[in-house]
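Could you walk me through this structure in my viewer? I would like to know what to select at each stop and what is there.

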Amino acid sequence: METNAYNQKLNRYVLADQIVYTGFSSFKDAEDCASKKGGTLVEVSFKDGNDNPQITDEAGLIEKKLHYYVYAGDEYKFIHSSDPGFRKYADELQKIKSEIRQDAPDERYLANFEIENAEDPIIVIKNDHFESVTSRERSKYLKHAKVYELGVSLPKS
């Protein structure tokens, strides 16, 4: 089983003439994998709410040195757990959630544990307001989103 830098399972897709791995935890993680395997960095898109990858360069992930990007319209913003602003949003969400439930201080710590340990969490913001927390995998099926991931392509043997 192939894993990323956080020991999470990579996704493996067999296309007509190549095998593509996605699910990298960072641009560097994908670069390291490509170097070890003798593969090539590629941008992979998932569109129309499905899990059928297409090789593309629409989002410019390689040039921008990004490993993940979602576009679901101008009103949406998807903040991945590796993004610099994620911690700020996650902390703020936990404060709001604790206040609504009137949690005791020790329960606030446990609530924060929920977001941190969700599988590859992503915060969804709509029109500058919190909408939900989802996973990287589920983002492919939400909001008719266009999900772009950095992949490593290997020739099919």
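A residue counts as buried when its relative accessible area is under 20%. Keep that cut-off in mind as we go, and remember that this is a predicted model.

Start by selecting threonine 22, in strand E2 (residues 18-22). Its relative accessible area is 0%, so threonine 22 is buried. Show what surrounds it: beyond its neighbours within four places in sequence, threonine 22 is in contact with residues including Tyr13, Val44 and Glu149.

From there, hop to glutamate 149, which is buried too, with a relative accessible area of 1%. Its side chain meets that of arginine 136 in a salt bridge (2.8 Å, N to O). Arginine 136 sits in helix H5 (residues 136-139) and glutamate 149 in strand E9 (residues 146-155), so this pair ties together parts 13 residues apart in sequence.

Is glutamate 137 buried or partly exposed? At a relative accessible area of 26%, glutamate 137 is partly exposed.

For the last stop, select Val70, Phe78 and Val147, the residues with the most contacts inside the largest nonpolar core, which has 15 residues. Strand E3 (40-46) gives the largest share of this core, three residues. A second, separate core of 12 residues includes Ile19, Ala34, Leu150 and Leu154.

Notes: Residues numbered from 1 in each chain as written. Predicted model: local features only at pLDDT ≥ 70, side-chain atom pairs only at ≥ 80, totals over all residues. Heavy atoms only, no water. Core = buried A, V, L, I, M, F, W, Y, C linked by side-chain atoms within 4.5 Å. Buried < 20%, exposed > 50% of the residue type's maximum accessible area, 1.4 Å probe, protein only. Helix = DSSP H or I, 4+ residues; strand = E, 2+ residues; numbered from the N terminus. Contact = heavy atoms within 4.5 Å. Salt bridge = Lys/Arg side-chain N within 4 Å of Asp/Glu carboxyl O.
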